[in-house]
Amino acid sequence: MSNNRLEIRSWSPEEEAQLLELFDSGMTASEIGQRLGRTRLAVYGRLQRFHKQQGRVSRTSGRVFAQRAG
């Protein structure tokens, strides 16, 4: 099955360690995504897995978006 979506690739343990290090250093999800070759949303998703990302922040208003109950 072919479509125009980007190929989904797994996170390696090394990438996860780098993700957490970059996040703890204060980088934004967009900056981390550029550094790791991932989308901003992929970075948000992985941070949520580690309970690091408490909510997405609007780039225009600075308001934190509430998380959906899982």
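## Overall fold

The chain has 3 helices and 0 strands. Along the sequence the pattern reads α-α-α. The model is a predicted one.

Of the chain's 70 residues, 26% count as buried. Among contacts with a separation of 6 or more, 37% join residues 24 or more positions apart.

## How H2 meets H3

Helix H2 covers residues 29–36, and helix H3 covers residues 40–49. They pack at an angle of about 105°. Their axes are 8 Å apart. Angles of 65 to 115 degrees count as roughly perpendicular, and H2 and H3 are therefore roughly perpendicular to each other.

Which residues make the contact? On the H2 side they are Ala-29, Ser-30, Ile-32 and Gly-33. On the H3 side they are Arg-40, Val-43 and Tyr-44. By type, the residues of this contact divide into 4 nonpolar, 2 polar and 1 charged.

Four residues of H2 are named as buried: Ala-29, Ile-32, Gly-33 and Leu-36. Seen down the helix axis, the buried residues of H2 fall within an arc of 100°, so they line one face of the helix. What do they pack against? Their partners are helix H1 (13–24) and H3.

The other side of H2 carries Gln-34 and Arg-35, which are exposed.

Gly-37 follows H2. Its phi is positive, near 70°.

Arg-38 sits in the loop between H2 and H3. Is Arg-38 buried or exposed? Its relative accessibility is 12%. Buried means under 20%, so Arg-38 counts as buried.

## The surroundings of Arg-38

A polar atom of the Arg-38 side chain lies 3.0 Å from the backbone oxygen of Ser-10. Ser-10 is also on the list of residues in contact with Arg-38, once neighbours within four places in sequence are left aside.

Methods:
Residues are numbered from 1 along each chain as its sequence is written. This is a predicted model: local features need pLDDT of at least 70, side-chain atom pairs count only at pLDDT 80 or more; totals for chains, interfaces and linings use all residues. Side-chain values use heavy atoms; hydrogens and water are left out. Axes are lines fitted to C-alpha atoms, for helices over the stretch in contact, and angles run from 0 to 180 degrees between N-to-C directions. Helices (H or I, at least four residues) and strands (E, at least two) are DSSP runs, numbered from the N terminus. Angles under 35 degrees count as roughly parallel, over 145 as roughly antiparallel, 65 to 115 as roughly perpendicular and the rest as oblique. Contact means heavy atoms within 4.5 Å. Ala, Val, Leu, Ile, Met, Phe, Trp, Tyr, Cys and Pro count as nonpolar, Asp, Glu, Lys and Arg as charged, and the others, Gly among them, as polar. Buried means under 20% relative accessible area, exposed over 50%, partly exposed in between (1.4 Å probe, protein chains only). The arc is that of the directions from the helix axis to the C-beta atoms. A polar contact is a pair of N or O atoms within 3.5 Å; within protein, one must be able to donate a hydrogen and the other to accept it, and residues adjacent in sequence count only if both atoms are side-chain atoms.
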